Structures are given as structure tokens and as C-alpha cells.
Amino acid sequence: MSLLGVVYTVEQSDLGTTCGYCSSSGQRSAQASSFHDAELVTSYLKCEGYQAMIDRGWRRCGTLCYRPDMKRTCCPQYTIKLDALEFRASASQRKLLNRWNRFVLHGDASGDALGHKKGAKPKHAKKGAPEHSLIESIHAPEKHVLGEEHSAHEFEVTLEPSSYTLEKYQLFEAYQASIHKDSSYPSSFKRFLVETPLVTNPIPYGPTPPEHLPKAYGSYHQLYRLDGKLIAMSVLDILPSCVSSVYFVYDPAFDKHSLGKMSALREVSLAKEIHDAGVDDHRYLYLGYYVHTCPKMLYKGEYSPSYLLDPEEYTWHPLPECKKGLDKARYACFAHPEHSSQTPAPQRATIPEVPLSVLQSLHIIVDEDGESRIESFSNLQWSDEAEVKKSLSTLAYSLGFDLAKRMAYVINE
Ligand SMILES: [Zn+2]
């Protein structure tokens with residue numbers, strides 16, 4: 001059995017942060033606070049391990065991984081996934097896509113100031129076309145598909161391993177300033193959207209996968225260029241059973257094109273393309289967290305069929321069914337509706353100590369005289385054993401015992 005990751009345990013803070021979903025900035029109160037029930041920092045995580053983590057409600061921000069404390073947080077965040085094989089674009093999603101394609105091909109964006117000339121009926125916008133043509137529509141306006149064919153704009157989308165460039169940072173800076181009224185720094189951009197703990201490994205395609213598909217699982221930047229200029233960037237993790245959307249930034253000048261909504265169509269197509277190239281297990285797009293009370297998040301529910309992760313059993317439930325539960329209770333447990341509750345829990349739930357058999361099978365990394373070795377918990381002397389046990393217990397319950405046993409822990413006493 002090989003190890004899936006190295007965990008640097010982090011201090012658990014019992015202070016919440018201001019909830020970005022329901023409270024105005026700078027205001028923190030017990031009623032509008034967001035809490036994590038577990039956090040860890042990792043610099044080495046196999047994609048298989050991270051897939052297992054997101055299937056238990058975890059999410060990463062750079063190298064920090066966290067899990068919301070659903071019972072305590074004012075606006076619980078549910079992991080949402082979309083089935084890429086069953087996905088059917090809605091009429092309005094197709095309209096967006098067709099409008100963008102028309103803009104690229106003919107410079108016509110329905111009176112858009114950015115349009116250059118009014119084009120004839122576009123040959124790529126297929127009204128009422130069968131669903132399999134979604135992938136075709138997505139790629140239709142791209143430079144490599146058009147080849148020599150004339151178009152009003154040159155549009156290119158490329159996928160590359162996540163890395164820092166000034167061009168990407170400047171896009172992020174413009175996006176933050178205009179959309180979030182926030183200042184930014186290269187260091188925060190790197191920490192948040194470039195750094196990743198994910199180690200790459202080859203995607204097991206069948207023979208001759210399409211050239212534009214990624215070769216390995218890992219963290220990527222998908223770059224959208226119009227006439228050579230970077231206009232949007234999607235931060236994606238490509239994992240064994242899904243494409244996981246981390247973040248999306250775009251040039252505010254393109255606000256009216258709803259590039260964020262279009263990026264989800266492109267990403268769901270990518271998941272299907274990877275599946276269709278011979279990777280049977282790969283079939284979902286994870287759109288991060290769904291927050292029922294947050295209007296900005298509701299677009300995530302417009303992609304169907306989607307499922308939410310149950311916060312107690314980690315089973316998946318169809319979104320329409322979940323919405324009914326969330327209309328009735330702030331915290332909804334879909335597997336055990338009787339556990340749902342309206343008021344946030346006043347404090348963190350008490351974590352039971354992990355059984356000794358589990359504790360003994362956890363891998364602890366010990367550094368001695370410049371050499372690292374792996375030891376079992378019980379072979380080691382601890383100056384504060386209770387504290388170490390508490391922190392390992394929190395991680396073991398939030399990761400699940402099977403996954404916890406496949407990680408190695410660095411413990412700084
Ligand atoms: Zn809130």
C-alpha cells in the first residue's frame with residue numbers, strides 16, 4: 001500500500017471567520033460566522049487521495065485543505081457534482097454559447113459594443129441540435145478548429161499545468177479590483193491559485209486520445225485568449241473521477257458574456273471528453289460548494305443533473321430533493337432528515353478519541369539527525385500526548401479511517 005499524502009497538521013482555531021455568503025464585509029457575529037471542522041496543510045498529495053477527500057466534503061485553497069463545520073456554520077457549504085454523461089444544456093445555456101460563437105466568428109454579439117460587424121446566420125450555431133453536439137459547439141470557435149476559415153476574432157483555449165506568469169497575475173488583479181473591490185498581491189495570487197499539493201500521474205486513456213486533452217491528473221490553468229490577449233482563466237484540478245473547478249477569473253470588460261457560466265459548459269465537456277477517451281471512471285464536474293442561501297451560488301444549481309454530498313453519510317443526493325430539505329432547514333442532512341436543524345450549533349462537536357488500533361496504524365514522520373523515517377504513533381514519546389491525539393483524532397474522523405491510514409503526518413510539538 002502506498003502513501004497518498006503528507007500532512008502537516010495545523011492548529012485548529014475555534015474562531016470563525018466572517019461568512020462571505022450572508023454578512024457584509026468586516027462584520028463578524030456568532031450568527032454570521034463560518035467555521036471549519038478540520039484543516040490541514042499538505043505539500044504532497046496524490047490525486048487519488050484528494051479525490052477521496054473531496055468526496056468527504058474537503059476542498060483545497062492552494063496547499064491548505066479544509067472542511068466546513070456544517071452544523072455550526074451559518075451558511076453550510078455542500079459539495080456539488082454534475083454528471084457530465086447525463087448533462088443536457090438548457091436553452092439559456094445554449095443561447096449563451098451560441099452568442100459567444102457568433103461573436104467570435106462574426107463579431108456579432110447582439111448589439112454588443114465589442115462586436116465588429118453584423119454577421120449572417122452563423123453556421124456553427126445549431127438550433128435544436130442533438131446533445132452530442134455540445135462538445136462540438138464548445139470547440140467550434142477555436143482557432144485550431146477553424147484553421148484557415150476567416151473569423152472576426154481569434155479565440156484560443158489552452159490547458160497548462162498551474163504556474164505563475166505576470167499576464168495571469170494582471171488578469172487576477174483586474175478581476176479582484178473590479179468584481180470583488182479588493183486589492184491583490186502576486187504572493188496571494190500564488191498562494192491561492194498557483195500553489196498546489198497535487199502530484200501528477202498519467203491519465204490511463206485508451207489508444208489515441210485527442211491531442212487537446214491533458215496527459216496527467218493534476219492542477220491546471222485553462223487559459224482563454226481572444227486576439228492573443230488573456231481574457232479568462234479557469235483553475236482546475238483534474239482528478240480520477242472528475243474535473244474539479246477551483247476558481248475562475250475573467251477580464252471585467254467581458255462581463256456581459258457570462259464567461260463564468262460558459263466555463264462550466266466547457267469544463268463539463270472536458271470531463272465527458274476524458275471519459276469518452278477511455279477513462280470509464282471519469283464522469284463528473286465538481287463545481288465546488290453549493291450554498292443554498294447565497295444568490296450568487298444559485299447558478300450552480302442550473303446545471304442538471306447535479307447531486308449534493310450528504311454531510312453525515314457522504315452519499316450523493318439529487319439536487320431537487322436536497323433543495324426541498326434546504327428550504328426547510330439551515331442545516332439539512334439528506335440521509336437522516338431528522339438530524340436537520342435550523343439554528344447553528346453553539347460550539348464544535350466533541351471528537352471521540354480514535355480507537356487505539358487506528359491510532360497505531362497512522363504513519364508519523366520523524367526527523368532525526370537530518371533523516372526522515374516513518375514510525376507508529378505508539379512507538380514515540382510525546383511531550384503532550386493528549387494534544388497530539390486530539391489533533392490526529394480530528395483528522396482521522398474528517399478524512400475517514402481508511403484514508404487517514406494512507407497519509408503520513410508531520411507533527412511539530
Ligand atoms: Zn452565512
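Guide: Let us begin with burial. Cys75 counts as buried because its relative accessibility is 4%; buried means under 20% relative accessible area, exposed over 50%, and partly exposed in between, with a 1.4 Å probe and protein chains only. Cys74 is likewise buried, with a relative accessible area of 11%. Please note that this is a predicted model, in which local features need pLDDT of at least 70, side-chain atom pairs count only at pLDDT 80 or more, and totals for chains, interfaces and linings use all residues. Residues are numbered from 1 along each chain as its sequence is written, and side-chain values use heavy atoms, with hydrogens and water left out.

Visitor: By which residues is the zinc ion coordinated?

Guide: One looks for donors, namely N, O and S atoms within 2.8 Å of the metal (3.2 Å for Na, K and Ca); water is not among the atoms, so sites may look incomplete. Here the SG atoms of Cys19, Cys22, Cys74 and Cys75 coordinate the zinc ion at 2.2 to 2.3 Å. Along the chain these donors follow the spacing C-x2-C-x51-C-C.

Visitor: What is the geometry of the site of the zinc ion?

Guide: Four donors count as tetrahedral if all angles lie between 85 and 135 degrees. The angles among the four donor atoms of the zinc ion are 100 to 119°, and the site is tetrahedral.

Visitor: Which residues of helix 8 are buried?

Guide: Helices (H or I, at least four residues) and strands (E, at least two) are DSSP runs, numbered from the N terminus. In helix 8, residues 319–328, the buried residues are Leu319, Cys322 and Leu326. Seen down the axis of helix 8, they fall within an arc of 60° and so line one face of the helix; the arc is that of the directions from the helix axis to the C-beta atoms. The face turned away from this buried side carries the exposed residues Pro320, Lys324, Asp327 and Lys328.

Visitor: Against which strands do the buried residues of helix 8 pack?

Guide: Packing is read from contacts, meaning heavy atoms within 4.5 Å. The buried residues of helix 8 pack against strand 7 (78–83), strand 14 (284–290), strand 15 (306–309) and strand 16 (316–318).

Visitor: How many salt bridges does the count come to?

Guide: A salt bridge is a side-chain nitrogen of Lys or Arg within 4 Å of a carboxyl oxygen of Asp or Glu. By this rule the count comes to 16 salt bridges. In one of them, the side chains of Asp37 and Arg67 meet at 2.9 Å, N to O. This pair links distant parts of the chain, with Asp37 in strand 4 (residues 36–46) and Arg67 in strand 6 (residues 64–68), 30 residues apart. Asp37 counts as buried at 19% relative accessibility, and Arg67 is buried at 10%.

Visitor: How far apart are the closest N and O atoms of Asp83 and Arg283?

Guide: The closest N and O atoms of this salt bridge are 2.6 Å apart. Asp83 lies in strand 7 and Arg283 in the loop between helix 7 (259–276) and strand 14, so that the pair links distant parts of the chain, 200 residues apart. Asp83 counts as buried at 5% relative accessibility, whereas Arg283 counts as partly exposed at 24%.

Visitor: Which residues are linked in a network of salt bridges?

Guide: Glu353, Glu385 and Lys389 are linked in such a network.

Conventions: Four donors count as tetrahedral if all angles lie between 85 and 135 degrees; four count as square planar and six as octahedral if opposite donors are over 155 degrees apart and all others between 65 and 115; anything else is irregular.
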